[in-house]
Amino acid sequence: MNQLQLFLPCAAGVEDYLAPEVLRITGLPPGCITKQRGGVAVRTSLAQAMLLNLHSRLAQRVLVLLSYTEYRGEQDLYRAASEVAWERWFTPRESIKVEITAQHSPLTSLNFAALKIKDAVCDRFRAVAHGVRPDVNTQWPDVRIYAHLTTDTCSLYIDTSGEPLFKRGWREDKGDAPLKETLAAAMLAASGWFDGDADLLPLYDPCCGSGTIVIEAAQMACNIAAGSRRRFAFEKYVPFQKQVWDSIKKEALAAEVVRSPEQKPIIFGSDVAHRMVDFAQRNAARAGVADVIEFRGGDALQRLPPIDVSTTGGGVMVLNPPYGERIDVGGVAKGAPRDAGSFEDEPNMPRFGARELPHTEGAGEFFNQLASHWKKNYSGWTAWVLTPDLKLPGKMRLKETRRVPMWNGPIECRLFRFDMVAGKMGSDHRDVKSASDHRNVKSGSDHREQSDRVL
């Protein structure tokens with residue numbers, strides 16, 4: 001188990017950010033990793049696989065490649081799965097599930113292909129475990145086996161993560177179609193907010209919903225491991241060494257940074273629905289960052305900057321604007337408090353609409369007003385806006401200085417960057433270096449050495 005071939009899948013467009021994250025977490029040299037379509041491959045140990053599960057914010061899972069063979073039909077898949085020493089990884093007491101994906105596979109039924117792989121796994125256990133075979137559990141399996149087919153090759157993986165890694169273990173309160181934590185982390189990575197060694201700039205999400213973006217940012221600032229509040233599949237596997245895992249977790253816990261009482265928060269979130277602000281506050285408490293984020297209620301069209309950035313060198317807004325019922329046809333969020341400085345709860349706030357809808361009547365007017373509000377009140381801020389609407393800059397009458405392709409589940413989006421100068425278009429503002437301009441690959445110990453940064 002000292003040399004394993006791992007594959008860390010990620011959302012399309014995130015590979016360029018996942019690769020340096022893997023290097024930073026593991027301390028491996030660049031030659032050990034390979035960027036592939038939809039993920040990163042790395043040759044390393046099981047201990048490093050545990051470390052990646054604990055610390056990665058961008059990977060969807062950590063998979064171990066156990067077989068790579070050519071195939072022509074289902075019987076070849078059965079043979080390939082039969083030759084894998086599954087008993088080295090788990091026992092017949094663990095339940096299994098086989099999932100399969102394909103690109104240009106000649107097979108007519110992927111379900112039948114998955115069934116043949118499952119049969120091979122069970123038949124092998126019958127042969128090596130005195131007739132005992134594992135049960136199948138399609139809902140909550142102990143072991144997830146993944147097969148990926150191309151035109152003529154089959155890759156078989158065992159999943160060390162269990163639940164997908166975007167499930168950090170702190171989210172219990174959520175609105176409709178919440179932003180996945182891995183996508184929020186990718187937005188922060190693309191913005192470059194956490195790059196470098198200088199003090200962190202103030203960060204604000206004026207449409208924070210249940211708090212995903214700001215909670216991810218706060219955990220990063222406090223050096224809290226992404227998976228520190230959950231369990232993983234590898235904890236049930238045969239090679240698992242509890243003492244090694246306990247040491248990894250103990251080291252991660254010791255590296256966490258606590259905000260001192262005299263330090264003022266620099267991470268802020270607000271939302272038009274006070275119900276969602278309550279959700280965000282409870283989520284932040286479970287994530288261990290309740291005292292690091294300042295939450296408020298208020299309409300994004302009226303909320304003034306939460307902090308004066310004239311002495312900080314600027315501020316960063318990162319947001320996934322809502323779509324659907326949350327935006328009224330007049331461009332003002334329904335039920336929003338009229339006083340931008342008011343913190344009193346407002347009753348009967350409307351239900352949040354589906355965020356994934358790419359077009360909504362009146363959205364253009366909303367974004368036009370939002371851009372005017374930003375230009376008037378947010379001089380010195382850089383806004384990163386994730387949207388499926390490729391015409392958003394035109395609706396905002398702003399010129400983007402960068403656009404990053406990203407996928408929100410099945411929806412193709414763009415992360416637009418706008419630099420704010422009062423009364424001027426964003427392109428007139430000086431260009432602060434972005435993540436791709438100065439992305440730093442730090443040593444493996446860097447994820448434990450953030451205590452000198454100002455929170």
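Helices (H or I, at least four residues) and strands (E, at least two) are DSSP runs, numbered from the N terminus. The model described here is predicted: local features need pLDDT of at least 70, side-chain atom pairs count only at pLDDT 80 or more, and totals for chains, interfaces and linings use all residues. Residues are numbered from 1 along each chain as its sequence is written, and side-chain values use heavy atoms, with hydrogens and water left out.

## Overall make-up

The secondary structure of the protein comes to ten helices and 14 strands. Of its 455 residues, 56% are buried; buried means under 20% relative accessible area, exposed over 50%, and partly exposed in between (1.4 Å probe, protein chains only). A contact means heavy atoms within 4.5 Å. Among contacts between residues at least 6 apart in sequence, 80% join residues at least 24 apart.

## Helix α2

Helix α2 (residues 46-55) is largely enclosed by the rest of the structure, because nine of its ten residues are buried. The buried residues include Leu-46, Gln-48, Asn-53 and His-55. Among the elements that cover them are β1, α1 (15-26), β3 (39-44) and α7 (242-254).

## The largest pocket

On a 1 Å grid over the protein atoms alone, a pocket is an open set of points with protein on both sides within 12 Å along at least five of seven lines, whereas a cavity is a set where a 1.4 Å probe fits but cannot get out; lining residues have an atom within 4 Å of a point. Grid points are joined across faces, edges and corners, and a volume is the space filled by probe spheres set on the points.

The largest pocket has a volume of about 910 Å³. It is lined by 29 residues, and the closest to its centre are Phe-7, Pro-9, Gly-38, Thr-101 and His-148. At least two lining residues come from each of β1 (4-9), β4 (63-70), β5 (96-102), β6 (143-149) and β7 (153-159). By class, the lining divides into 14 nonpolar, eleven polar and four charged residues. Here Ala, Val, Leu, Ile, Met, Phe, Trp, Tyr, Cys and Pro count as nonpolar, Asp, Glu, Lys and Arg as charged, and the others, Gly among them, as polar.

Rings of Phe, Tyr and Trp (its six-membered ring) pair if their centres lie within 6.5 Å; planes under 30 degrees apart count as stacked, over 60 as edge-to-face and the rest as tilted. A search of the whole structure finds 14 such pairs. Two of them are tabulated.

| Aromatic pair | Centre to centre | Angle between planes | Class |
|---|---|---|---|
| Phe-90 and Phe-125 | 5.1 Å | 40° | tilted |
| Trp-193 and Phe-194 | 6.1 Å | 40° | tilted |

Phe-90 lies in the loop between α3 (74-82) and β5, and Phe-125 in helix α4 (residues 110-128), so their pair ties together parts that are 35 residues apart in sequence. Both Phe-90 and Phe-125 are buried. Trp-193 and Phe-194 are buried as well. Elsewhere, ring pairs link Phe-232, Phe-234, Phe-240 and Trp-245 into a cluster.

Pro-134, in the loop between α4 and β6, has 0% relative accessibility and therefore counts as buried. Leaving aside neighbours within four places in sequence, Pro-134 is in contact with Phe-90, Pro-92, Glu-94, Ile-96, Cys-122 and Phe-125. Pro-134 and Lys-97 are 37 residues apart in sequence, and their C-alpha atoms are 10.0 Å apart.

## Cysteines

Cys-122 is buried, at 2% relative accessibility, and Cys-10 is buried at 6%. A disulfide is taken as a pair of cysteine sulfur atoms within 2.5 Å, and by this rule the count is zero.

Met-220 belongs to helix α6 (residues 212-221) and is buried, with a relative accessible area of 13%. Not counting residues up to four places away in sequence, Met-220 touches Arg-57, Leu-188 and Phe-194. Arg-57 is 163 residues from Met-220 along the chain, yet their C-alpha atoms are separated by 9.3 Å.

Asn-223 lies in the loop between α6 and α7. Its phi is positive, near 60°, although Asn-223 is a residue other than glycine. His-104, in the loop between β5 and α4, has a positive phi of about 60° and is not a glycine either. Asn-223 is buried at 11% relative accessibility, whereas His-104 is exposed at 70%.
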